[in-house]
Amino acid sequence: MVSRQALRRAWWQVHKWTGLFLMILLIPLGLSGAVLAWDDAIDHGLNPQRYAVHGPATQAPSFYATAAGKVLQPDQRIAMIRYPDGTGPVVVMASKASGGDHKRGARHEGGAGVGKGDGGGARKVPAQRTTLWLDPVDGHLLDRTTGDSGFVRLAHNFHGSLFVPGFGRSLVGLLGIAMFLMAAGGVWLWWPTVGSFRSGLRWTRGDRKLDTNLHHTVGFWIALPLAFQAFTGVWIAWPQMMATIGLAAAPGGMGERSRMTPAAHPALTPDQALAAAQTAKPGKPASIGWPTGEDGPWRMSLVTPRGQVDVTVDDSTGAATIAPQRGGLALAVRHLHDGTTLGPGWRVIMVLWGLAPTMLGITGLIMWWRGRRWRADLARRRNGAREAATAG
């Protein structure tokens, strides 16, 4: 039977080498998470022009679609309009049609992708995204970006996929598993082999070096929260796996829809689609998503007294369907992971969690390098003693 000491030594090797090899990814992953905990405040600071609005958003969606159509290119189609939560800009996201897809029908007068037409079929293709920030009162352009430029957007993309198309999200899930095992297993390595639990909490434990004490003490207190954060990250990165083991509902295909080009000429106008949704569920619009694919519906999010409700509207018939209420464990996991709805106190904690991999990685690297030098010095002394004994 393998002894406890042998298991501990083996796990120490796993903990050490996993940390050394993956710190180049785990450190920026944690730092990007710390940025995203305050993404809205950071974006306000870096891009104040986007938030120089003159009043609340009271206009119909077609008003903002028309305003966006004046600055978009003919081959760009509106994918979504997002209304502000309180005071702020109206955000319009558009995708560029690939190939000659946009030539299937003439651009409708009054804005890109607004109004009736031939329903120009959309393809499942990656599309370059353009984001517009509009003044909610008169619709004038406050700012625009193309692609994934901008500090906050780069942080989102790195944290979600490491800038790796295709399997990047799964790779983030693997890193989450590695972080979970290192954090949870670190508690076992921290646990005193001699003495009581309280003795392990001493600051001067070990070799009294600052890096060692930081790694042991701060690492212990942050380990289980960091393991929890890593677990929620795996949950978000691998929704299909969580659904398979019964911990979450099956994914609804949003990722597939995001790769489709919005319909060039939907049968309904955005005003008609919103009216149909509000008939089924009265509420103020939070976001309006254009149809995608051959027969995709309009996707509405409405703010009601009981929270946000999702409604889909069939583009050909105008029939509205209230989607199952988002909630339960999956939504709680996402809120705990991103922290954006849990107040500033939780966000501060998340920043500490995001900084933890940097602190643990740097102190662990220093400890490893010092140990490497110590072993090299010890080997030299032994060789010198052996040579002296041989010569004598």
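Here are some notes on the chain, point by point.

1. First, a caveat: this is a predicted model, where local features need pLDDT of at least 70, side-chain atom pairs count only at pLDDT 80 or more, and totals for chains, interfaces and linings use all residues. Residues are numbered from 1 along each chain as its sequence is written, and side-chain values use heavy atoms, with hydrogens and water left out.

2. The chain has eleven helices and eight strands; these are DSSP runs numbered from the N terminus, helices being H or I of at least four residues and strands E of at least two. Of its 392 residues, 43% count as buried (under 20% relative accessible area, with exposed over 50% and partly exposed in between; 1.4 Å probe, protein chains only).

3. Take the contacts (heavy atoms within 4.5 Å) between residues at least 6 apart in sequence: 63% of them join residues at least 24 apart.

4. The largest nonpolar core has 26 residues, and Ile78, Ile81, Val92, Trp298, Met300 and Val313 have the most contacts inside it. Such a core is a set of buried Ala, Val, Leu, Ile, Met, Phe, Trp, Tyr and Cys residues joined through side-chain atoms within 4.5 Å. Among the elements that each supply at least two of its residues are helix 3 (61-69), strand 1 (76-82) and helix 9 (270-280). Another core, of 19 residues, lies apart from it, and includes Leu29 and Val172.

5. Pro61 is found in helix 3 and is buried, at a relative accessible area of 3%. Leaving out residues up to four places away in sequence, Pro61 touches Ile81, Tyr83, Pro270, Asp271, Leu274 and Ile288. Pro61 and Val90 sit 29 residues apart in sequence and 9.8 Å apart in space, C-alpha to C-alpha.

6. Now for the second largest pocket, with about 1,000 Å³ of space. A pocket here is an open set of points on a 1 Å grid over the protein atoms alone, where a 1.4 Å probe fits, with protein on both sides within 12 Å along at least five of seven lines; lining residues have an atom within 4 Å of a point. Of the 37 lining residues, Trp12, His15, His215, His216 and Met367 are the closest to its centre. Helix 1 (4-36), helix 5 (168-190), helix 6 (210-237) and helix 11 (343-391) each supply at least two residues of the lining.

7. One more residue to look at is Thr212, in helix 6. Thr212 counts as buried, at 4% relative accessibility. Beyond residues up to four places away in sequence, Thr212 touches Asp207, Met367 and Arg370.

How values were computed: Grid points are joined across faces, edges and corners, and a volume is the space filled by probe spheres set on the points.
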